[in-house]
Amino acid sequence: EYIEEPLKSPLNVESFERARKCIPYALDETLAIKNEAEVLLPKCDAVVIKPSIVGGYERAKEVMKGSGKVCVLSSMFEGEVGMAHLAIMASVLSTEEVFHGLSTYERFKGERSGGGRNKFRSAVYDG
């Protein structure tokens with residue numbers, strides 16, 4: 001639906017301007033750099049928010065509520081507790097039908113703490 005930070009230097013977004021007419025552009029890691037995020041936020045079409053990078057729940061909520069953009073919550077490689085919190089956050093703060101990027105938990109091959117993946121799966125998908 002969009003391309004995430006396609007440029008080596010996000011501040012060069014003007015060089016991407018012509019392509020943006022066909023390809024929606026999303027900010028991601030740049031959201032953690034406040035002065036750059038303030039410059040680029042009006043120019044992007046969506047934001048991918050990793051609470052672990054932007055400064056936690058409050059900052060993520062601030063970006064989601066104030067951006068006026070499609071907001072997707074995404075994870076780094078949080079464990080089962082962190083992923084559970086992100087899933088709750090996504091369900092509480094989402095205002096649109098958005099598919100959040102919470103599948104990084106599947107990248108863990110083994111069980112982290114006594115069947116954590118199954119606990120997370122059942123908590124999120126079954127209730």
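In what order do the elements of the chain run from the N terminus on? A few notes on that and on what follows from the model.

1. **Ground rules.** This is a predicted model, where local features need pLDDT of at least 70, side-chain atom pairs count only at pLDDT 80 or more, and totals for chains, interfaces and linings use all residues. Residues are numbered from 1 along each chain as its sequence is written, and side-chain values use heavy atoms, with hydrogens and water left out.

2. **Layout.** Starting at the N terminus, the elements go β-α-β-α-β-α-α-β-α-α. That comes to 6 helices and 4 strands; both are DSSP runs numbered from the N terminus, helices being H or I with at least four residues and strands E with at least two.

3. **The sheet.** The 4 strands make an open sheet, ordered E1-E2-E3-E4, with parallel pairing. Strand E1 (3–4) and strand E4 (70–73) are the edges, each pairing on one side only. Two strands count as paired if DSSP finds at least two bridges between them. Strands E2 (residues 25–27) and E3 (residues 46–49) are joined in the parallel sense by 2 bridges, and Ala26 has Ala46 in E3 as its bridge partner.

4. **A helix on the sheet.** Helix H4 (residues 57–67) packs on the sheet and touches E3 and E4; contact here means heavy atoms within 4.5 Å. The direction of H4 makes about 170° with that of E3 (axes are lines fitted to C-alpha atoms, for helices over the stretch in contact, and angles run from 0 to 180 degrees between N-to-C directions).

5. **Ala37.** Have a look at this one in helix H2 (residues 34–40). Ala37 has a relative accessible area of 4%, so it counts as buried (under 20%, with a 1.4 Å probe and protein chains only). Setting aside neighbours within four places in sequence, Ala37 is in contact with Leu27, Thr30 and Leu31. Leu27 is 10 residues away along the chain, and the two C-alpha atoms are separated by 8.1 Å.

6. **The whole chain.** Of the 127 residues, 37% count as buried. Among contacts in the chain with a separation of 6 or more, 46% come from residues 24 or more positions apart.

Note on methods:
Buried means under 20% relative accessible area, exposed over 50%, partly exposed in between (1.4 Å probe, protein chains only).
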